[in-house]
Amino acid sequence: MDLTPDNLLAFDREHIWHPYASMSSPREVYPVVRAQGAELELADGRRLIDGMSSWWCAVHGYNHPALNKAITDQLADMAHVMFGGLTHRPAAELVDRLLKMLPQGLDKVFLSDSGSIAVEVAIKMALQYWQGLGRKSKTRLVTVRGGYHGDTMAAMSVCDPISGMHSLFADMLPKHYFAERPSSRFDSDYDSGSIANLGKILKNHAGNIAAVIIEPIVQGAGGMWFYHRQYLADLRRLCDKYDVLLICDEIATGFGRTGKLFACQWADIVPDIMCLGKALTGGYMTLAATVTTMKVAEGISANGMGFMHGPTFMANPLACAVACASLDIIATGKWQQQVANMEGRLRVGLDPLREHESVVDVRVLGAIGVVELQEPVKVAELQGKFVEQGVWVRPFSNIIYLMPAYILRTQDIDKLTNAIVNVL
Ligand code: PMP
């Protein structure tokens with residue numbers, strides 16, 4: 001089949017599913033032929049400044065020489081081998097780098113294939129831990145409204161019950177406890193009452209609860225909400241008090257996105273289990289990690305049990321190799337200046353939109369800029385307008401946001417924020 005840009009689109013429409021899309025009335029998609037630095041090049045030659053970093057993972061930009069080299073060097077040795085009964089240097093090198101970055105105590109690492117699976121693994125770790133300790137009634141989870149943890153079944157069961165897909169799959173999903181969304185904003189005074197609802201759930205049901213799962217500081221796909229660091233500190237305290245594990249899902253926030261290497265560090269807390277993904281490979285390949293402590297690992301393995309998970313592509317050597325190269329760039333610390341600059345520039349560009357009649361809120365934290373609108377947007381229509389402006393920005397619900405690569409130049413950040421101003 002000779003795929004011209006035109007018949008590629010026709011073929012795609014006919015046969016290929018896109019995220020959250022319909023096959024019977026698919027929305028417009030744009031063919032990309034190349035990606036370089038912070039730019040996507042479309043088949044018709046247009047170049048777009050990418051404000052999304054491919055769903056928040058390509059933090060060093062596209063076609064990065066060091067990341068490319070890591071993969072091609074590794075390819076010469078092996079693309080993949082099973083991890084059951086075998087091990088390899090790329091996995092060990094990666095875990096060594098992670099241990100140098102992670103909060104102390106988190107030093108048992110399970111490498112899996114995607115963010116959602118890292119969350120499944122975290123949940124299974126928590127469940128198996130309590131089983132191992134003989135506390136068999138501790139099988140439920142607690143989370144907060146407005147969260148997002150992935151699209152697989154267990155992950156979906158702790159996504160926001162309204163904006164998640166609970167209504168579609170209600171009868172199949174395990175029922176967990178949902179506390180109110182952390183209402184105190186990141187940058188205003190803390191209302192200690194905001195965690196009372198969650199505290200009450202823990203107090204009343206601790207005997208049935210295995211873990212609390214939460215996105216630290218930034219709730220991403222559930223509405224791009226930034227909450228107060230004291231909430232997270234209080235949550236750690238409550239989990240200890242009621243003997244419940246704390247799972248922090250750092251898949252979106254990890255590796256500098258919020259201005260700290262990990263968002264947990266805003267509150268100086270260490271979770272019992274942490275999920276990592278997205279930027280782990282600099283956005284090159286799919287890889288995730290679920291990290292836990294010796295205490296949890298020992299509980300899981302009480303009674304001679306193994307941890308019951310083992311995907312085919314666990315610790316894929318190509319993905320581990322590129323993750324090593326990505327973490328080497330992170331370890332230079334350059335991201336700190338880049339993210340701080342971006343935060344300042346996003347504020348300058350987006351703050352004036354507070355006055356706009358259809359805007360409810362503007363918030364910026366690290367390399368994340370959010371414009372919350374009164375009404376949900378027409379995604380396809382706005383998408384087209386952003387492309388006309390020479391940028392790639394994909395809104396959802398009533399949120400227009402930017403989560404670009406850290407390497408963006410000031411004029412590229414300005415182009416993104418100006419595009420939002422123009423489109424609005
Ligand atoms: N957790 C969080 C916080 C996420 O933002 C995402 C993805 N947006 C996931 C989990 C799921 O990751 P993946 O899409 O790689 O399965």
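## Tryptophan 55

Tryptophan 55 is partly exposed, with 39% as its relative accessible area. In this predicted model, the residue belongs to helix α2, which runs over residues 53-56. Its backbone deserves a look: tryptophan 55 is not a glycine, yet its phi is positive, at about 55 degrees. For context, a negative phi is found in most residues other than glycine.

Lysine 278 is another non-glycine residue with a positive phi, here near 35 degrees. You will find lysine 278 in the loop that connects β11 (273-276) to β12 (288-292). Lysine 278 counts as partly exposed, because its relative accessibility of 29% falls in the range between buried, under 20%, and exposed, over 50%.

An N or O atom in the side chain of lysine 278 is 3.0 Å from a nitrogen atom of the ligand.

## The shell around the ligand

For glycine 115, a polar backbone atom is 2.9 Å from an oxygen atom of the ligand. For serine 116, an N or O atom of the side chain is 2.6 Å from a ligand oxygen. As for cover, the ligand taken alone exposes 390 Å², and 81% of that is buried by the protein.

Helix α4 spans residues 89-101, 13 residues in total. From its first C-alpha to its last, α4 reaches 19 Å, close to the 18 Å expected at 1.5 Å a residue.

Where do the buried residues of α4 sit around the axis? The buried residues are Pro90, Ala91, Leu94, Val95, Leu98 and Met101. They lie on the same side of α4, because the arc they cover around the axis is only 125 degrees. Arg89 and Lys100, by contrast, are exposed on the other side of α4.

## Histidine 176

Is histidine 176 buried or exposed? Its relative accessibility is 14%, so histidine 176 counts as buried, the cut-off being under 20%. The residue is located in the loop between α7 (166-169) and β6 (177-179).

The side chain of histidine 176 has two polar partners to point out. One is the backbone nitrogen of leucine 141, reached at 3.1 Å. Another is the side chain of serine 157, with which histidine 176 makes a polar contact at 3.3 Å.

## Two long views across the chain

Leucine 40 is part of strand β2, residues 39-42, and counts as buried at 10% relative accessibility. How far is leucine 40 from lysine 203, C-alpha to C-alpha? The separation is 50 Å, for two residues that are 163 residues apart along the chain.

Asparagine 418 and arginine 145 are 32 Å apart in space, taken between C-alpha atoms, and 273 residues apart in sequence.

How values were computed
Residues are numbered from 1 along each chain as its sequence is written. This is a predicted model: local features need pLDDT of at least 70, side-chain atom pairs count only at pLDDT 80 or more; totals for chains, interfaces and linings use all residues. Side-chain values use heavy atoms; hydrogens and water are left out. A polar contact is a pair of N or O atoms within 3.5 Å; within protein, one must be able to donate a hydrogen and the other to accept it, and residues adjacent in sequence count only if both atoms are side-chain atoms. Accessible areas come from the Shrake-Rupley method with a 1.4 Å probe; for residues, only the protein chains shown count as cover. Helices (H or I, at least four residues) and strands (E, at least two) are DSSP runs, numbered from the N terminus. The expected span of a helix is 1.5 Å times one less than its number of residues. Buried means under 20% relative accessible area, exposed over 50%, partly exposed in between (1.4 Å probe, protein chains only). The arc is that of the directions from the helix axis to the C-beta atoms.
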